[in-house]
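The following note sets out some points on how the parts of this model meet. Please read the points against the structure shown here.

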Amino acid sequence: MKFLYTAAGLVCALALATVASGAGTGTPGVSPTEIVIGGTVPMTGVAQAFKTVGLGASYYFKYVNAHGGVNHRKIKYILKDDQYDPAQTMAKTRELVEQDHVFAIFNSLGTEHNLATRPYLNAVGVPQLFVASGANTFGTDYKQYKWTIGYQPSYRAEGTIYGRYVAKTAPKSRIAVLYQNDDYGKALLTGLTRGLGKRAKQVVAKQSYNADDSSVQSQIAKLKSSKANTLMLFATPAFAIQAYRYSYQLGWRPKVYVNVVSSASNIMGLAQIASTKKEVEGSISIDFVKDPTDRRWAKDPGIKLYRSIMKRYKDKGISANDPYNVYGMSVAHTFVQALKKAGKNPTRDSIMKAATHLTIRNDPFLLPGVVVRTTSSDHFPLDQARLERWHNGHWVSFGGLFRVR
Amino acid sequence: MRRALGIGLWLLMAAAAVGAFLLVPHLISDFHSRDLAEAGVFFIAIVGLNLLTGYTGQISLGHGALMAIGGYTTAALVVHEHWRDVWTIPLAGIAAGIVGFLIGLPALRLSGLYLALATFAFAVAMPSLLKKFSGLTGGSQGLSFLESSPFQVTGLKGTVTVFGHTTTANHFLYYLTWGIGLVGLAIAWLIVRGRFGRAFRAIRDSESAAASAGVNLPLYKTLAFALSGVYAGVAGSLFAIQSEIVNPLSFTVLLSILLVVGAVVGGLGSLPGLVIGALFIKYLPSLAGHVSTRPGVPDFIYGAAIILVVILLPGGAGGLLRRLFAPLTTWLYTRP
């Protein structure tokens, strides 16, 4: 009996294997009419503010597809919700690779999340392109993980900028730091200490929270009691907004530095509603994409293109004023350029080669002068930014463009 | 004559079950066999929960936390002690069994709702406990196997060779999980049909009657908890091996409640129906997501489905099976 079933099973397996090998010629995810890529972003949960990083990219691909695609292939971008939980990122990424047979993983969001999937993707040889995290390791450890490349400026470099700026402009200030208790928050903290250099003692209090905590109220109270007059927010949007709110409720008005992950103008608007205009006024951050609400860009061709794409393709309930959409379009633009470079019939090897040999000077969504550049020994596509100050409900950039590493 | 026929039919059904177990992964895609392996994890935990709740009448809302004990035992042994992941399964079962025994102690004094609340508290506290002892558990980031060597982690190499026979990792996980599941089911069946089972059922139906009939209440209650803990621990270990990451978010209160839902849908006090219960909690959420992805709608459908099952099938899938086969079994077991 059992023998019969096993035999039947083997026959079926053989049949399936033959069918599968017949269908799967060439590179997975690449057909004459389509390129299938996929990625994870938090669509729900604490970090859902980031969903437009994925959605913005998907709108740009729709626009590219409507204009003929790349080498007559349409780009199919499968977005999955990981709820900002690395275990789910792993499960969903596996699904993308093994069930949806994607050509590459693209623009998946989160430091811990991409760290979780990196060994797997490198073991199976699937490109992990332009991860939405500024952890240095995605740019520096390419010898060990040759299928992985980052995108945005590194968090450590960003922290260094704030450190240098404080040391130069306010050497007497007392600094309090709120950071996420993982590689992302710690990288910013390391950078800050490095930037402060000899003035590292200016940091008088540090408090961390976990990504799955519900509130940072007690952390803010402890930071306030340190009598600091400067607050570094190395936190994701929901927690940054809370930090503004609780500081306001406690009557604490420090000078705030908010990391780029949470400084999108729509998030700042929410922080302003949660606290007061006064509490948020004067906050400092950095930027490298064009802010769609900035009046300077009202007539800019890049933002005009952005607005027209949003008008045509955006989902209901998504605001065109959300700058993460611009970030998403920028990274999608970079992918399209890499894909064009990867040849008529792209392979996983050729897309990796293209992604690591890029020079894009005209990305319409990035600040003027910002260049996407990679070489075989430089795996940081973006490493330029400008400082900006929140004034009267808008970001105003000051100082020139500088290189961050 | 009828008796022989009954045994024959029974053997045929067992063979069909084993045949289906062997055949199924070849009929579906490689990835779906991994999905089924995940359902197998629920199956094992539900079989254990059913021994406790269905047969002994002790409600536990803390089985997700027992799975956490098993999952973290495996993860800690792989990450800190460099064990091969599959060899940690027995230890994970034993660890969770011991914890199950300890939770069983308050059960000697608590009953009904109060016991449910105590176990619920255990489930609520578990994620915080895991974060507290971050040296061992990795805190809120948890433990990831993926940095370990491919010789320790089943899922990393893509294929697994057992006795010179090579299968894909997903098929291996399916056979491993459901193989353990079927053995676990057989053991549970042997337990419930013998002396232990009679004692368990006596406790469920009336504690005082059981005590007056000479059933050692403290012994059998804590034994039921410990046994059930072993099942949960093995399930948690397999869960960790499959997902390759464990973190506090994997073992929230929701998991404990899902297991109870699975046991109720499968049928309390029945064993074969539990396969349906496990498939129900594994696949219904994603099926509900196919109907509509608007916020709230999948949850609504999920909730409605559970209510419908409870109203229409008070005995769960096990009860339905029993009713379907009632004419046959009556005919077989009634003397002419």
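1. Domains of chain A. Chain A comprises domain 1 (34-153 + 299-384) and domain 2 (155-287), with bounds that come from an automatic or database domain assignment. Between the C-alpha centres of domain 1 of chain A and domain 2 of chain A there is a distance of 28 Å.

2. Basis of the model. This is a predicted model, in which local features need pLDDT of at least 70 and side-chain atom pairs count only at pLDDT 80 or more, while totals for chains, interfaces and linings use all residues. Residues are numbered from 1 along each chain as its sequence is written, and chains are lettered from A and ligands numbered from 1 in the order in which they are written.

3. Contact between the domains. In domain 1 of chain A, 18 residues are in contact with 17 residues of domain 2 of chain A (contact: C-beta atoms, placed from the backbone, within 7 Å). On the domain 1 side, helix 4 and helix 13 (323-341) of chain A each supply at least two residues; helix 4 of chain A gives the most, with three residues. Helices here are DSSP runs (H or I, at least four residues), numbered from the N terminus. The domain 1 side consists of 10 nonpolar, six polar and two charged residues. Ala, Val, Leu, Ile, Met, Phe, Trp, Tyr, Cys and Pro count as nonpolar, Asp, Glu, Lys and Arg as charged, and the others, Gly among them, as polar.

4. Contact between the chains. Chain A brings 27 residues into contact with 24 residues of chain B. Helix 1 (2-23), helix 3 (86-98) and helix 4 (111-124) of chain A each supply at least two residues of the chain A side, and helix 1 of chain A has the largest share, eight residues. By class, the chain A side has 16 nonpolar, four polar and seven charged residues.

5. A helix pair in chain B. How are helix 7 (residues 169-193) of chain B and helix 8 (residues 195-205) of chain B packed? Their axes, lines fitted to C-alpha atoms over the stretch in contact, are 4 Å apart at an angle of about 70 degrees. Helix 7 of chain B and helix 8 of chain B are therefore roughly perpendicular (65 to 115 degrees, with angles running from 0 to 180 degrees between N-to-C directions). Ile191(B), Val192(B) and Arg193(B) of helix 7 meet Phe196(B), Gly197(B) and Phe200(B) of helix 8. This contact of helix 7 with helix 8 of chain B holds four nonpolar, one polar and one charged residues.

Note on methods
Two residues are in contact if their C-beta atoms, placed from the backbone, lie within 7 Å. Angles under 35 degrees count as roughly parallel, over 145 as roughly antiparallel, 65 to 115 as roughly perpendicular and the rest as oblique.
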